[in-house]
Every structure is written in structure tokens, then in C-alpha cells.
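Here is a short report for a reader new to this structure. Look over the sequence and the model before reading on.

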Amino acid sequence: MTHPDEEQLVQAYYGEIDDAFHHHLEECPECAATFDRLKEMLDSVSDYPVPERNSAYGAEVWARLVPHLPLAQPRPGWLRWWVLGPVLATLLTVAFLAGRFTEQRQTGISTTARERVLLMAISDHLERSQIVLTELVHADPQAADLASERDRARDLVSENRLLRETAVHMDDPSVVALLDQLERVLVDVANSPSALPPDDLAALQQRIESEGLLFKVRVTGANTREKGQKL
Amino acid sequence: MDWTDADAAEQARKGDQQAFRVLVERHSQSIFRLAFRMTGNEQDAEDTVQETFLRAYKQLHRFDGRAAFSTWLYRICANCSLDLIRARKSRKEQQDSTGEGATAHWLERVAARDPSPERLSQSRQIANLLEPALQRLSEIERTAFVLRHYEGCDINQIADVLGVGANAAKHSVFRAVQKLRRALQPAWEVGAR
Ligand SMILES: [Zn+2]
């Protein structure tokens with residue numbers, strides 16, 4: 001065998017070369033030395049430290065991903081999204097608080113990444129709340145069946161509480177204030193009968209409008225998303 | 001749920017989001033590692049992970065099961081990383097991410113893992129030089145090298161990811177090694193006892 005060229009040495013390093021090559025190295029000190037230098041260099045770059053991700057990382061990725069997945073069958077997919085929302089919020093909040101208090105920077109997701117996840121979760125929550133509020137505001141007081149809005153409001157109430165808790169820890173008073181205000185309306189909707197008397201619905205609609213709640217939810221939702229995307 | 005990747009992909013393609021969830025949870029870690037080595041920073045890697053799974057979901061109908069699902073996903077991730085690197089270049093953010101900040105980051109991570117002062121100084125040298133050197137590789141060279149060296153992909157898988165022939169893939173790995181070798185040379189001169 002003639003002396004292997006550089007490209008063959010590289011191939012050899014990655015285990016893509018036959019026995020004849022190894023034979024040659026044993027007999028040719030010159031090639032053996034060249035190969036050793038190459039090996040030392042390539043071994044040295046193997047230690048390329050990647051920030052670690054903990055075992056919950058897959059679930060975190062999924063939680064961030066799911067609101068963005070296009071829905072195959074609109075209604076069932078949409079319902080699943082509703083059902084999933086509070087569960088994700090719980091998971092994210094727990095992950096956030098755990099990471100925050102134990103400062104596990106090495107093993108966990110970084111603080112920035114975690115805050116980003118939370119901002120996205122808050123923004124998604126506000127988006128879902130906005131849909132319910134919009135439906136309420138546009139419902140006809142004379143002929144409204146609010147069973148679906150009520151059910152969704154119930155889910156949103158628990159999600160709202162978790163996220164409020166988190167927003168407190170993130171030291172974001174304007175979001176906390178909005179979530180407080182939102183919670184009061186959501187609780188009222190959640191506790192109302194599905195056939196709300198026309199006067200009560202009209203009063204609720206007026207309350208949402210006079211507090212400018214829909215607008216605040218929309219603006220804060222958009223700002224939170226933008227802030228999360230910039231992190 | 002003990003689904004194989006192929007089964008889960010098949011179910012996901014039929015619209016079962018939970019099946020896709022299985023795939024996301026299973027592959028997130030390795031996709032993050034690949035994305036990080038491709039982009040060289042944490043935030044870009046996170047964005048790449050998201051974009052990879054989003055694209056994968058939208059393109060599931062194109063996954064024919066010919067290659068392993070993980071290889072298919074790697075290809076998407078590599079392409080997302082390349083898109084991001086190109087966008088970053090065009091935004092002229094290159095300076096920020098390859099400059100002092102990124103190197104300092106990198107040094108911190110190396111230092112945390114290797115306390116021996118002698119090795120540290122050489123590690124520091126290599127660390128100083130490696131990320132900028134990787135950034136100077138062509139996109140194809142960087143992809144080929146990362147897949148070969150860090151991900152242990154064979155030449156055919158790399159060719160598949162890059163959409164080139166086996167010889168071109170092989171040659172890209174070689175060129176990357178040559179360039180890195182040249183870039184890292186100073187560390188060996190200093191580090192040599
Ligand atoms: Zn020889």
C-alpha cells in the first residue's frame with residue numbers, strides 16, 4: 001500500500017477504512033505520526049459543551065409547539081387544545097417555579113428560555129380568553145346558549161390562577177393586574193347558568209365593554225407574545 | 001405508549017396529534033443538541049427546535065418511511081439551522097454572536113467542566129478558536145462535520161441530509177477537517193509541551 005493521503009486519514013479516523021490501512025500504520029512511522037496528530041486534533045474538538053436539557057424538555061417543547069400546530073380537523077383539534085391548555089399551564093408553572101427556586105442552571109432549561117415559555121403560555125391563555133369574551137360580547141341576550149362559553153371559562157379560571165401566580169414571581173404587575181380583572185369576569189361566567197337571563201347577559205356584556213377588558217386582553221396578549229419572541 | 005417512530009409517524013400523518021407528541025418528546029433532546037452545534041447559541045437552537053418540529057408536522061405527508069424518522073428529522077433540523085444562519089448573516093448579527101460574547105460563553109462552559117489548569121489553557125485555546133472556525137466553514141461543511149463528528153452519522157446519512165451524493169458528502173467532511181485543523185493550529189503550538 002502506498003502512503004494514504006490526508007482524505008484517507010480523515011476517513012480512517014471515522015472508521016471508514018479497511019485493514020490494509022491499519023497494517024500500513026503499523027509499518028510506517030511517518031504516517032502513524034501524521035495520523036496521531038490528526039487524531040489528537042479531532043479528539044480535542046469532541047468536547048463541544050452543549051447546554052443540558054432536563055428530562056422534562058420534550059414536554060416543554062411540545063407545550064410550546066402545540067398552539068402553533070395547524071389543526072387537521074378544526075373542531076376536535078380545537079377542543080383538544082382547550083382541554084390541554086390548563087394541563088400545560090400547570091406543567092409549565094411547576095417547571096418554572098422549580099427551576100426558579102433551585103437555580104438548576106446546569107441541569108435545567110435556562111432562565112431566559114423558561115421565561116420565554118411562560119410568556120408564550122400567558123399569551124396563549126389570553127388568546128383563548130379573548131375568544132370567549134368576544135363570543136360573550138356578541139351573544140344575543142334574547143337567544144343565547146352559553147353552555148360552551150361557560151365550560152371553557154371554567155377551564156380558563158384554573159389556568160388563569162396558575163399563570164397569575166407565575167406572573168407574580170416574574171414580577172410583572174401589569175400582567176398580574178389584568179389576570180385579576182380577567183379572573184373576576186371568568187368566575188362569573190363559569191358560575192352562570194347556561195341559559196343566562198337576558199338582563200344578566202346584557203349586564204355582563206356592558207361590564208366587559210366598560211372595563212375595556214377585551215381590548216386590554218388583546219393588547220397584553222400581543223405584547224406578551226412579542227416580548228417572549230424577543231427573549 | 002411503546003410506539004416505534006414509524007408507527008407514531010404513520011398515526012400522526014393521519015391527524016393524531018398525540019402520536020406526534022410522542023415523536024416530539026422522544027427526539028427533542030437530540031434535535032436540540034444538533035441545533036446547538038449547528039447554530040452555536042442557545043436561543044437560536046431553541047428557535048430551531050420549534051421550527052424543526054413545526055415543519056416536520058406540516059411535511060409529515062412527505063415522510064415515506066424510506067429513511068429512519070430520526071434521519072428525516074435531522075435533515076429538517078439541519079435545513080432550519082441553515083435558514084437561521086443565513087438569516088442571521090443577512091441581519092448582520094454575525095458580529096455579536098461570533099464575537100466576544102459567544103466566546104466568553106463557550107469558555108465558561110469549558111471551564112466549568114475541566115478544572116485542570118494545564119488542560120484548561122489548551123482547552124481555552126481550542127475553545128477560543130473552535131466556534132469562530134466553525135462559523136467560517138461553508139454551510140455544507142459545517143453541517144457535514146457536525147453530523148459526522150458529533151452525531152456519528154455515516155456518509156450516506158449525511159448525503160441524505162444534505163441532498164448530495166456520497167462523494168460530495170465525504171469531501172465536505174474532509175474540507176471541514178482541513179479548515180479546522182488550520183484554524184486550531186495555534187492552540188497546538190501553545191499547548192505542545
Ligand atoms: Zn506511510
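What is the geometry of the site of the zinc ion? The site is tetrahedral, with angles of 107 to 112° among the four donor atoms. Four donors count as tetrahedral if all angles lie between 85 and 135 degrees.

## Ground rules

This is a predicted model: local features need pLDDT of at least 70, side-chain atom pairs count only at pLDDT 80 or more, and totals for chains, interfaces and linings use all residues. Residues are numbered from 1 along each chain as its sequence is written, chains are lettered from A and ligands numbered from 1 in the order in which they are written, and side-chain values use heavy atoms, with hydrogens and water left out.

## The zinc site

Chain A supplies the donors: A:His3 through ND1, A:His24 through NE2, A:Cys28 through SG and A:Cys31 through SG. They coordinate the zinc ion at 2.0 to 2.3 Å. Donors are N, O and S atoms within 2.8 Å of the metal (3.2 Å for Na, K and Ca); water is not among the atoms, so sites may look incomplete. Along the sequence the donor residues follow the spacing H-x20-H-x3-C-x2-C.

A:His3 sits in the segment before helix 1 (6-13) of chain A, while A:Cys31 belongs to helix 3 (residues 29-44) of chain A, so the pair ties together parts that are 28 residues apart in sequence. Helices here are DSSP runs (H or I, at least four residues), and strands are too (E, at least two), numbered from the N terminus. A:Cys31 has a relative accessibility of 8%, so A:Cys31 counts as buried. Buried means under 20% relative accessible area, exposed over 50%, and partly exposed in between (1.4 Å probe, protein chains only).

## Chain A

Chain A has ten helices and zero strands. Of its 231 residues, 48% are buried. The accessible surface comes to about 11300 Å², and carbon and sulfur atoms account for 53% of it. Accessible areas come from the Shrake-Rupley method with a 1.4 Å probe; for residues, only the protein chains shown count as cover. Among contacts in chain A with a separation of 6 or more, 72% join residues 24 or more positions apart. A contact means heavy atoms within 4.5 Å.

A:Asp155 lies in helix 7 (residues 147-169) of chain A. Its relative accessible area is 30%, so A:Asp155 is partly exposed. A:Ala190 is 35 residues away from A:Asp155 in sequence, and their C-alpha atoms are 8.7 Å apart.

## Chain B

Chain B also has ten helices and zero strands. It holds 193 residues, and 53% of them count as buried. Of the contacts in chain B between residues at least 6 apart in sequence, 61% link residues at least 24 apart.

Is B:Ile76 buried or exposed? B:Ile76 counts as buried, at 6% relative accessibility. B:Ile76 is part of helix 4 (residues 69-90) of chain B. Not counting residues up to four places away in sequence, B:Ile76 touches B:Thr52, B:Arg55, B:Ala56 and B:Gln59. B:Leu162 is 86 residues from B:Ile76 along the chain, with 9.9 Å between the C-alpha atoms.

## Nonpolar cores

The largest nonpolar core has 78 residues. B:Phe20, B:Phe53, B:Leu130, B:Phe145, B:Ile158 and B:Val177 touch the most other members. A second, separate core has 34 residues, including A:Leu163, A:Met170, A:Ala190 and A:Leu214. A nonpolar core is a set of buried Ala, Val, Leu, Ile, Met, Phe, Trp, Tyr and Cys residues joined through side-chain atoms within 4.5 Å.

B:Ile158 has contacts beyond four places in sequence with B:Ala144, B:Leu147, B:Arg148, B:Cys153, B:Ala169 and B:Val173.

## Confidence

The pLDDT is the predictor's confidence in each residue, from 0 to 100. Chain A averages 80, and 83% of its residues score at least 70. In chain A, helix 3 has the highest mean, 93, and helix 5 (residues 74-102) the lowest, 55. Over residues 72-81 of chain A the pLDDT stays under 50.

Chain B averages 82, and 81% of its residues score at least 70. Residues 93-115 of chain B have a pLDDT below 50. For the complex, the predictor gives an ipTM of 0.80 and a pTM of 0.57.

Methods. Tetrahedral: all angles 85-135°; square planar, octahedral: opposite > 155°, others 65-115°.
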